[in-house]
Structures are given as structure tokens and as C-alpha cells.
Amino acid sequence: MQETSSIHGAWASRWIFILAATGSAVGLGNIWKFPYITGENGGGAFVLIYLFCILIVGVPIMMAEVLIGRRARQSPINAMREVAIESGHSGKWSAVGWMGVLAGFMIFSFYSVVAGWVLYYIAGMGTGDFIAIGSDDAGKVFNNLLADRDTLIIWHSIFVVMVMLVIAGGVQKGLENAVKFLMPALFVLLIVLLGYSMQSGGFQQGWGFMFHFDASQLSWDAVLTALGHSFFTLSLGMGAIMAYGSYMPKKASIGSAVLTIAAMDTLVALIAGLAIFPIVFVNGMDPGAGPGLMFITLPVAFGQMPGGQIFGFIFFLLVGIAAWTSAISLIEPATAWMVEKFGWKRLPSCIFLGVIIWILGVAALGSFNFLSDVKLAGFNIFDFMDFVTSNIMLPLGGLFVAIFAGWFMKRYASEHELAISSPTLFNAWYIVLRFIAPVAVAIIFILNLIEKLK
Ligand code: TRP
């Protein structure tokens, strides 16, 4: 096989691939979830396990996704089939790609709703709605927003259009141009916020909260949380990274690119924590506030601080950009597949897919108002989409990718794509991928499920 290019185009350089994949990885998972679960799970000890998981499970599986994508140069559905056939196995491995496309739609449905809230808060911060707001009022603002179906639909629709405009532009004019501009902006905003929080007076307290090593806080549950999160935060298990890998230049080294992406994703999570917690502490607020942390606690904190309005605006802008570049990767696999399958152009494919995800998003946002009575397996629609994807579909997808690349794909094909000059390094990757990663993921998958269904 060894296709030299994809019909969809290719990234201009290995750095563009790295930026695009980092754009996918860095999202709501880093800026909101990581700091919060770190605080809940014992700070420094949790961070250490998380780093370990990224390295032992995340990096090897991400390498497998990228190499499968680049070998086939097609959408995940077709890539899984082609590479399976190349290695003398059933084309039915495409089912992994199908599950990924479905997972992408489902993640998008709730991701777009939260991104819609973020857009609403960008506007609110920009117009000064939160100046000197008290926590009761901030809670009311958020709850009123959740209850307001039409406002939610408007912001969700704007986000869908933003994502589809980028995807319609294609790999070079759309995705590449977007990440070339947005990712540097994201890094600049992050550094500005970090600087602001360093001089806010709460920095030491924030640092201690995130990095104090308290082994007594370690629990089996924390290990599971760290493993699961390392998966979600690297965008693994649904083909997003596989699709991006299929546009990667031939000569670029997969191993070093993946290490860079994982390092940047981790760095952003750590910096986000160091930017957020000092602001929370200096205002005497609760770091474990959960979903309200970003939408209730932080606006109150910003509202009381000098320059808080502008920095609050910058904060939500940053979250919005991070969510935007992540959401693109949720829909790219399906778009590429439609173009391959039906020979459609990107625009009609996008319009078709845009309608589907718009409807799914409206169903998810309805969980907070007009569809609040609808329950699926005991969850509202929003929580159901989150639960089924994060706890079932992504771990299964990642498990299948590891098993496929480790046990079914021909070894020479992986060797050729990875082109690692040191046999020891290649063997290390291969052993981790075949034995350690699948077992670890299987354990999280099963224990997590038992825990959640109990
Ligand atoms: N990684 C993103 C975050 O941390 C979310 C995300 C984007 C994702 N694309 C994905 C998660 C694909 C799983 C699969 O917010």
C-alpha cells in the first residue's frame, strides 16, 4: 500500500500536524476538567500518575493511530479496512472507524453545548455583565442560561457554523489556516493569564494545591480517573488523530511528533491549573466547585479583581478557541469518509453533517429545559452522551486500535511507518502496545463501568 498522499490534501509540514493534533487534544478537558480532578484526587500524587498514564498508555496508542492513518491516507473507516486487508485480515475492522464516527457525533453534541456557554460568557465578559457580581447572582446567570432553550440554541448554532466553516475549507485552507492562527493565539492568551495569576497573590497557594505530594490521598479510584482522563485529553479512541495522521507528511517522524503533542497537551493542562487556582484562592472560593467552577466561581472571582473584566474575557476567549480546534477534529473523520465514499465536495458533506450534529446538540441542550424529562439508562441526554462516549466508546476504540496495531497489523508495516532507527526503542513501543496498554485500558474500562453502574 504505502500511499504517498491523501485525496484530501496534506499538512504543509510536520509542525502543522503537531499544531493541528495539539489543537484537537487541548480542549475543555485540559482547562476545566484537569485542574479540578487534580484537586480532588490528591494533587501532586495524582499528577504523577497522570503523567505516567500519558506516557505508558496515551503515547503508544496515539502513535498507533497516527501510523494507521498515515499508512492508508484515508478516513479512519477506510484506513482500518485497508490496513487490515493489507495485513491479510478482515475488512470488517472498519467497524472501529464506524464506532469512532458515531462517538464523534455524540461527543460533539454535548461539547457544542458547553462551547455555546463559553461563547455566551465571552460576550458577557466583553460587555461587563459580571463586574462585581456576587456568587448568588453568578449562579442565577448560569441557571437562567441553562433554562433558556432559545438562547442555548442560538449559541450552539453559532458554534456549529464556526466548526463547519473551518471543515468546509478543507485540510489546507480550512484546518491548517485555522490552527496556524488559533494555536499561537491560544498559547499567548495562556501565558498572559498565567502572568496575571502569578501577580494576583494566590500563586503559591495554587501551586501547592496542584503539586503538593500527599501519598495518603492516593486511591485506586484516582488511578482510574487518571487513566481515563489521559485518554480523553489526548483525543484518542475515535479516529480523530488517525484522520489527522493521514494528512501527515511522509518523512515526518511519528514518534517525536506524538511526544511533542502529548507534552504540549500536558503543559497546557498544568498551566491552566496554575492560572485558575490562584485566582480562585485569592478570592477565597472553593476549588472543588465542579461544573460551576468555570461558569459560576470564576466569573465571581474575575468580577472582584482589578482588570478582571478584561482578563475574564481573555480567559473565556482562550477556552472558546481550545474548544473550537478540538471540535473540528470530532467531525473531520466523518467528513473525509463522505468525500471518499460519495465523491461529494467538502461543502455539501459539511452541510449534511452539520444538520445531523445540530439536531443532536439541540437534543443535548434540551436536557436542561424542554427535554429534561427524557431519560436514557437513567441519564438525561447530555449526561448520557458524555457517559457512553467517555466511559465506553473511547476506551473500546483505543483498546481495539492497540490490539489491531499490536497483534493483527504486520510488524514490518509498523516498522516502516514509524521508521525508528533504534531497534530497542521500536521494541519498547511494540511491547508496551501489545501487552501493557491493552491490559491497562481493559482494566480501566471494566472497573470504571462496574463503579459507575453500581
Ligand atoms: N481532547 C479534547 C479535550 O480535552 C476533547 C476531544 C476532541 C476529544 N476530540 C476528541 C476526545 C476525540 C476524545 C476523542 O477537551
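## Ground rules

Residues are numbered from 1 along each chain as its sequence is written, and side-chain values use heavy atoms, with hydrogens and water left out. Because the model is predicted, local features need pLDDT of at least 70 and side-chain atom pairs count only at pLDDT 80 or more, while totals for chains, interfaces and linings use all residues.

## Rings meeting rings

A pair of aromatic rings is described by the distance of the centres and the angle of the planes. Here, rings of Phe, Tyr and Trp (its six-membered ring) pair if their centres lie within 6.5 Å; planes under 30 degrees apart are stacked, over 60 edge-to-face, and the rest tilted. That rule gives 37 aromatic pairs. One of them joins Trp344 and Phe352, with 6.1 Å from centre to centre and 85° between the planes, so the pair is edge-to-face.

How open are these two to the outside? Let's call a residue buried under 20% relative accessible area, exposed over 50%, and partly exposed in between (1.4 Å probe, protein chains only). Trp344 is partly exposed at 35%, and Phe352 is partly exposed at 41%.

## Charges over rings

A charge sits over a ring if NZ of Lys or CZ of Arg is within 6 Å of the ring centre and within 35 degrees of the ring normal. Arg434 places its charged end over the ring of Trp407, 3.9 Å from the centre. Arg149 lies over the face of Phe370, at 5.4 Å from the ring centre.

## Two helices crossing

Helices (H or I, at least four residues) are DSSP runs, numbered from the N terminus. The axes of H3 (residues 44-72) and H10 (residues 220-233) come within 8 Å and cross at roughly 45°. Axes are lines fitted to C-alpha atoms over the stretch in contact, with angles from 0 to 180 degrees between N-to-C directions.

Contact means heavy atoms within 4.5 Å. On the H3 side, the residues that meet H10 include Phe46, Ile49 and Tyr50; their partners in H10 include Ala222, Val223 and Phe231.

Most residues other than glycine have a negative phi. Ser235 is in the loop between H10 and helix H11 (240-245), and is buried at 13% relative accessible area.

Ala419 also has a positive phi, near 45°. Ala419 is in the loop between helix H17 (411-418) and helix H18 (423-453). Buried or exposed? With 59% relative accessibility, Ala419 counts as exposed.
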